[in-house]
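Please look through the sequence and the structure below before reading on.

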Amino acid sequence: MKSDLRALIQAGLADRYTLDRELGRGGMATVLLARDLQNDRPVALKVLLPELAQTLGADRFKREIRVAARLQHPNILSVLDSGEVESQLWFTMPFVEGENVYERLQREHQFAPAEALRIAQAAASALE
């Protein structure tokens, strides 16, 4: 995340969150480790990439927030908070320490069929 965007987000959320470090970046957003000041807990703060907001608009990200906020399943992180800072959309979810499926696949290169099936079933059941 560019330092000026990071500074803008930190300034806009200073009364609620402090930003720590970047956890990852995907096709739509950057995820930062942040501290929820009210509840004194780590959270993952996902911020829509500015270039996508300009080209695609924010509607898709807003839909992601709404869908994620409605999901209730042990294998899916819930939305804790969301908002907009200087036209930058963001939302928070619990921070879970550990490896994600992508990182594990990069490390192991492939899963045993039974493990791949278990992961796929867990993901599919979360969408029911």
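**From a loop to the cores**

V96 is exposed, with a relative accessible area of 52%; exposed means over 50%, buried under 20%, and partly exposed in between, using a 1.4 Å probe and protein chains only. The model is predicted, so local features need pLDDT of at least 70 and side-chain atom pairs count only at pLDDT 80 or more, while totals for chains, interfaces and linings use all residues. Residues are numbered from 1 along each chain as its sequence is written, and side-chain values use heavy atoms, with hydrogens and water left out.

V96 sits in the loop between β5 (88-94) and α4 (101-108). Helices (H or I, at least four residues) and strands (E, at least two) are DSSP runs numbered from the N terminus.

T30, in contrast, is buried, at a relative accessible area of 1%. T30 belongs to strand β2 (residues 29-36). Leaving aside residues up to four places away in sequence, T30 is in contact (heavy atoms within 4.5 Å) with M1, E22, G24, R25, L45, K46, V47 and L49.

The largest nonpolar core holds 14 residues, and M28, L48, L52, F61 and F91 have the most contacts inside it. Such a core is a set of buried Ala, Val, Leu, Ile, Met, Phe, Trp, Tyr and Cys residues joined through side-chain atoms within 4.5 Å. At least two residues of this core come from each of β2, β3 (41-48), α3 (59-70) and β5. Apart from this core lies another, of 13 residues, including M1, Y17, V47 and W90.
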